[in-house]
Amino acid sequence: MPALTLTLAQRDAYRRTFIGEVVACEAIGRQFGVRLRDTILYAAGGGQPADHGTIGGVDVVDVVRADDGSIVHVTAQPVVCGEAEVVVDWARRYDHMQQHSAQHLITAIADDEFGLPTISFHLGADYSAIEFGCDATPTDDTLAALVRRANEEIRACRAIGWRTVPLSEYGSLDLRSRGLPDGHQGEVRLVEIDGIDLNTCGGTHVANTGELQVVRFGRIEKTTGGARLPYFAGGRVLAQIDEWTSRDGELAELLTCSPSDFVASVTKLQGQNKELARAGRVLRAELAGRISGDILRCQTAVVALHLDDDDVAFLNTIANEVADAKLLILIGRGVFLVAGPAPIVEVVGPQVRDKLGARGGGRGGRFQGKVPAGADIDGALTWANALTVDLEVS
């Protein structure tokens, strides 16, 4: 592995543009790999995604470090060799700086003060997560204390900086590290939060903890051998607050109450819904009984009905009341049911299915399935009402 070479992105994370020199552009399938003498675009690594941006106005969709240590910028279009303005997608870069620096801070406090060592880190587009190595999932009280301590250190505005040290010095330092890549040569880049943490890291970071603004945690999840803690920092927390504020306004209008009364209002509505559901079940049972009575009073052996608002459970309730006194052909909301003496249903069921262009099957006097949109229901009912069957099948 070649000796460490820091890019401009790593030397100055706040640099947003510069005039770079494109030294190569080669096709990579349907994309292109562009190489510069130096770059302000960070290549994916260490849990941090790659920067996006432009080179000479051409969009950069990925940045990777090749096996030889050089940086390859992936573009959808070719870039002409020579001088070109390089622009970083600053919103994406700064978001990554906040989330990555927050991870260093949370990791240090969790390890030093709560005995929760970090074993992995993920920086995602919507949320980031730290996986702790621990025997038991941290309690709510532990997490509340951890987030409180992290926000205290944010308010302290502790400086965050980087430096490099010779490989010979690396082993003698008291620092946090998951180890160096195999074959690493040359100096080692360290990122330090003053008085809190010293860590091997190649990523981009904010200049002090105050720029993190605030951190909050999501719901912790148990994992094999540990626990995964989602977290949000800075702009992501502010975006959540904006979303919550907007949602609170919509809910306040719908529930006609203030946010402080949301829980009571929803609890009341849930109780009312349960009562309405119970009353609905009683009414539907009565309706099924009335329909069953009307069917039993029919003089015909075959009864075909379209109950377009009813599901298959309701159709089966009717069939249970009628038993084998009739051959029922019932079509509901996207479903059909054929019920009656088993030998007749075995013959008629597939015929109804085919008339409706439906799917279905059954046994023991029941044949049911799904009715596709656009099925010729009227034609199927006309055909069914013309059937002549002998219910006294031996």
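1. The side chains of Arg-163 and Glu-192 form a salt bridge, 2.8 Å from N to O. A salt bridge here is a side-chain nitrogen of Lys or Arg within 4 Å of a carboxyl oxygen of Asp or Glu. The pair links distant parts of the chain: Arg-163 sits in strand S9 and Glu-192 in strand S10, 29 residues apart. Arg-163 is partly exposed at 33% relative accessibility. Glu-192 is partly exposed too, at 30%. The cut-offs: buried is under 20% relative accessible area, exposed is over 50%, and partly exposed lies in between (1.4 Å probe, protein chains only).

2. On the basis of these values: this is a predicted model, in which local features need pLDDT of at least 70 and side-chain atom pairs count only at pLDDT 80 or more, while totals for chains, interfaces and linings use all residues. Residues are numbered from 1 along each chain as its sequence is written, and side-chain values use heavy atoms, with hydrogens and water left out.

3. S9 and S10 belong to an open sheet of three strands, ordered S9-S10-S11, with antiparallel pairing. The edge strands are S9 (160–165) and S11 (197–200); each pairs on one side only. Neighbouring strands of this sheet are turned by 25 degrees against each other on average, direction ignored. Strands are DSSP runs of E, at least two residues; helices are runs of H or I, at least four; both are numbered from the N terminus. Two strands pair if DSSP finds at least two bridges between them.

4. Six bridges join S9 to S10 (residues 188–193), and the two run antiparallel.

5. Helix H2 (residues 90–114) lies across S9, S10 and S11. Its direction is about 70 degrees to S10. Contact means heavy atoms within 4.5 Å. Axes are lines fitted to C-alpha atoms, for helices over the stretch in contact, and angles run from 0 to 180 degrees between N-to-C directions.

6. Strand S8 (residues 128–133) deserves a look. Five of its six residues are buried, so S8 is largely enclosed by the rest of the structure. Strand S7 (residues 118–123) runs antiparallel to S8, joined by five bridges. A hairpin of four residues connects S7 to S8. S8 also pairs with strand S14 (residues 226–233), antiparallel, over six bridges.

7. Ser-120 stands opposite Glu-131. In S14, the bridge partner of Glu-131 is Arg-228.

8. The salt-bridge count comes to 19. Among them is Arg-37 with Glu-21, the closest N and O atoms being 2.8 Å apart. Arg-37 lies in the loop between S2 (31–36) and S3 (53–55), and Glu-21 in S1 (residues 17–28), so the pair ties together parts that are 16 residues apart in sequence. Arg-37 is exposed at 63% relative accessibility. Glu-21 is partly exposed at 35%.

9. Arg-278 and Glu-275 form a salt bridge at 3.7 Å, N to O. Both lie in helix H6 (residues 262–297), three residues apart, about one turn of the helix. Arg-278 is partly exposed at 43% relative accessibility. Glu-275 is partly exposed at 47%.
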